[in-house]
Amino acid sequence: MRIRKLLCAALLGAGLLSGTPAVLAETLQIGIGTSDIQTLDIHRATGFDSMLLSYVFNGLVRFPPGSADPAKLEPDLAERWEESADHLTWTFHLRKGVQFHGDNGELHADDVVFSLTRAADTTQSSQAAAFEPFAKVEALDDYTVRITLKRPTPGFLGLVANYRGGNITSRKAAEKPGANLAAQPVGTGPFQVAEHVPQQYVRLTANEQYFRGKPKIDEVYWRFVMSDSSRDLAFKAKQLDVIYGRREQRWVTSTRDRKGVELDIFGPGEFRTLHLNRTIKPLDDLRVRQAVAHAVNVDEIVQFVGKDVAQKGCSVVPPGYLGQDCSFKYNYDPAKAKQLLAEAGHPDGITLPVVVSNISSILPIMEVVQNQLGKVGIHLDMKVVDHPTFHEQIRKDASAIVFYGAARFPVADTYLTQFYDSDSIVGTPKAITNFSHCSAGDEAIRAARAEIDGAKQLALWKTAQQQINDDVCGVPLFDLRQVWAHNDNVDYGYKLEGDINIAPPITEQTTVKH
């Protein structure tokens, strides 16, 4: 008993348990590996922020809880929809009676028009490039929305699903005097944001008017516990019910052996890539970028990460995505890397400034990369920062190599557009995540978007991947699967096989017993 009291005192001192209600029977405690959120604006959120917001919002369609399979998309805010014969017009019929959080009233078609128009606005959305194919979004009446496309769009339904820019917010809430969607998001989901204590937690409360029924738990605490060991300690003491795990084999193996604990390992994985920023010299020299590619031993990295959590990449497009082509790859060849550096005028090697996040799924792997590159004379001057600062810095071209992982809707166009189309270069009006300032595949990427013949589209995606590979815009590493764990007092309410928002969905069916 004394040990447990001391543990609780330590956690309280760290701010972990502050805000915990006296009665825990209907409260779910989730431990997250970051120091705070960046934004709660659904059109700006990424990473942990978008995971949290997946509990708050709905799309017109949705991935069923526990699934990330596009073939299983089902109605969400829309009851049904029709597609025109030319694939350019989609008409959605909304559920009636769906209520927004707070006093923001019923969902209407105008809210969908507002949300999707905002998602496509480069001044308000980080996902705008994905919505570029939208020509018009209009309300035909209060419960009918028509979306007109410029061209047939691969994976269109993924754009209006419960994922990032496809989520629907309230026009009324957004246009209130003093409204701040970055701090007080308004959705229709099973939970609503009630409180944010910086660097401690976000508290969510049940949406009693949720159209699928009142949630079975009253509150969810999304707790920021940056330290892996502190998070693990609190989980072992059952002060946390669900935790973001360490995506490394040793942790998975040890956790699997714990009594009363269930591991959650699922996809889609976040595809890890080293993006080479050619705006930072000498990476503007193709030979130097080639040297980096030949110096990286991907097999060694995958072995380090572990067989349960890592799948080796073979293209700049992630494994399992429609259109991935593995005809082109870089071979580990340190002698060749040294030769290329010498030919580029750097026989004594180079030093590159690199910004690295301190989270456990990034820092240890970058230390392996640092060691590998150092063996051929490519020295990384690594600046380790917290995760929000990492995201800020890599979008300001502060890092010569950006180690980045992402899960996207599993069609090649999505990944190629967001990471390798020049319209997506960081710092530009349509900026998304083109950290390398790559433009090599632009023509093929854009032609593929407009191509309605499936075989021709695949051929164009293949061409784009070859051009990006030849220009060494990035070095693909591995697909890192999601690793979470929950105590056996938690019942998610579904079978967890995957989740597009890369976190276990907490739904109206989720229960917890204390």
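Begin by selecting Cys314, which is partly exposed, with a relative accessible area of 22%. The model on display is a predicted one.

A disulfide joins Cys314 to Cys326, with an S to S distance of 1.7 Å. Both Cys314 and Cys326 lie in the loop between strand E13 (310–312) and helix H10 (334–343), 12 residues apart.

How many disulfides are there in total? The count comes to two. With bonded cysteines counted along the chain, the disulfides follow the pattern 1-2, 3-4.

Move on to Cys438 and Cys473, whose sulfur atoms are 2.1 Å apart in a disulfide. Viewed about the S-S bond, the angle is 60° and the link of Cys438 and Cys473 is right-handed. Display the surrounding elements as well: Cys438 sits in the loop between helix H13 (412–420) and helix H14 (442–450), while Cys473 sits in the loop between helix H15 (454–470) and strand E17 (474–487), so the pair ties together parts that are 35 residues apart in sequence. Are these cysteines buried or exposed? Cys438 is buried, with a relative accessible area of 0%, and Cys473 is likewise buried, at 0% relative accessibility.

Finally, select strand E8 (residues 191–197) and strand E9 (residues 201–206), which run antiparallel and are joined by six bridges. Within this pairing, pick Val193; its bridge partner in E9 is Leu204. Three residues stand between the strands of this hairpin, where Gln199 takes a positive phi near 65°.

Key. Residues numbered from 1 in each chain as written. Predicted model: local features only at pLDDT ≥ 70, side-chain atom pairs only at ≥ 80, totals over all residues. Heavy atoms only, no water. Pairing = 2+ DSSP bridges. Helix = DSSP H or I, 4+ residues; strand = E, 2+ residues; numbered from the N terminus. Disulfide = S-S within 2.5 Å. Buried < 20%, exposed > 50% of the residue type's maximum accessible area, 1.4 Å probe, protein only.
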